[in-house]
Amino acid sequence: MSRTLPLTFGYQNAMRERILELLAQSRAMMRGQIELHECSHNGNFIPDSKECDQCDYEFECQWLYNNDEFVALERKTLETLLDSLEFALYYVDAQVVRWGHDKRGCHCEACAWLRDCRHLLRESQRL
Ligand SMILES: [Zn+2]
């Protein structure tokens, strides 16, 4: 199967909007998982910081830092946005497994998000 995305402008734009929406939801879920009481800079990731480097939430904070709504997601390529979404999918999936949810039948925010996300990634031929 080809990994090339259909190139019509309208299709790409619609896809971008759905990806940005899914990323916004995953940012909110990921932020909710980070325990900030031990962070001296309130969850703001600082590249090259020794503290961030040794923190349990390094990956979450780094992802949030790279995918912040103010970091001009609008200007990133579709491929880059899909990479970010793939990372979020693995992250949320691991959480849901840890919580022991029934991914197919569960109606919680995370499980519903996972289904939407998989659907979109399949459609974009990422899965
Ligand atoms: Zn669930």
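Visitor: What share of the protein chain's residues count as buried, and what makes a residue buried?
Guide: In this predicted model, 13% of the 127 residues count as buried.

Visitor: How do you know how far to trust the chain?
Guide: Look at pLDDT, the predictor's confidence on a scale from 0 to 100. The chain averages 86, with 93% of its residues at 70 or more.

Visitor: Why is the order of elements written α-α-α-α-α?
Guide: The chain has 5 helices and 0 strands, so, numbered from the N terminus, the elements read α-α-α-α-α.

Visitor: How do you know which residues of α1 and α3 meet?
Guide: Contact calls for C-beta atoms within 7 Å. On the α1 side you'll find Arg27, Met30, Arg31 and Gln33, and they meet Glu60, Trp63 and Leu64 in α3. By class, that contact has 3 nonpolar, 1 polar and 3 charged residues.

Visitor: What describes the way α1 and α3 pass each other?
Guide: The axes of α1 (residues 9–33) and α3 come within 10 Å and cross at roughly 145 degrees. The crossing is left-handed.

Visitor: What share of the contacts comes from residues 24 or more positions apart?
Guide: Counting contacts with a separation of 6 or more, residues 24 or more positions apart account for 62%.

Note on methods. Residues numbered from 1 in each chain as written. Predicted model: local features only at pLDDT ≥ 70, side-chain atom pairs only at ≥ 80, totals over all residues. Axes fitted to C-alpha atoms, helices over the stretch in contact; angles between N-to-C directions. Helix = DSSP H or I, 4+ residues; strand = E, 2+ residues; numbered from the N terminus. Left-handed = near helix turned anticlockwise from the far one by under 90°. Contact = placed C-beta atoms within 7 Å. Nonpolar A, V, L, I, M, F, W, Y, C, P; charged D, E, K, R; others polar. Buried ≥ 20, exposed ≤ 12 C-beta atoms within 10 Å, placed from the backbone.
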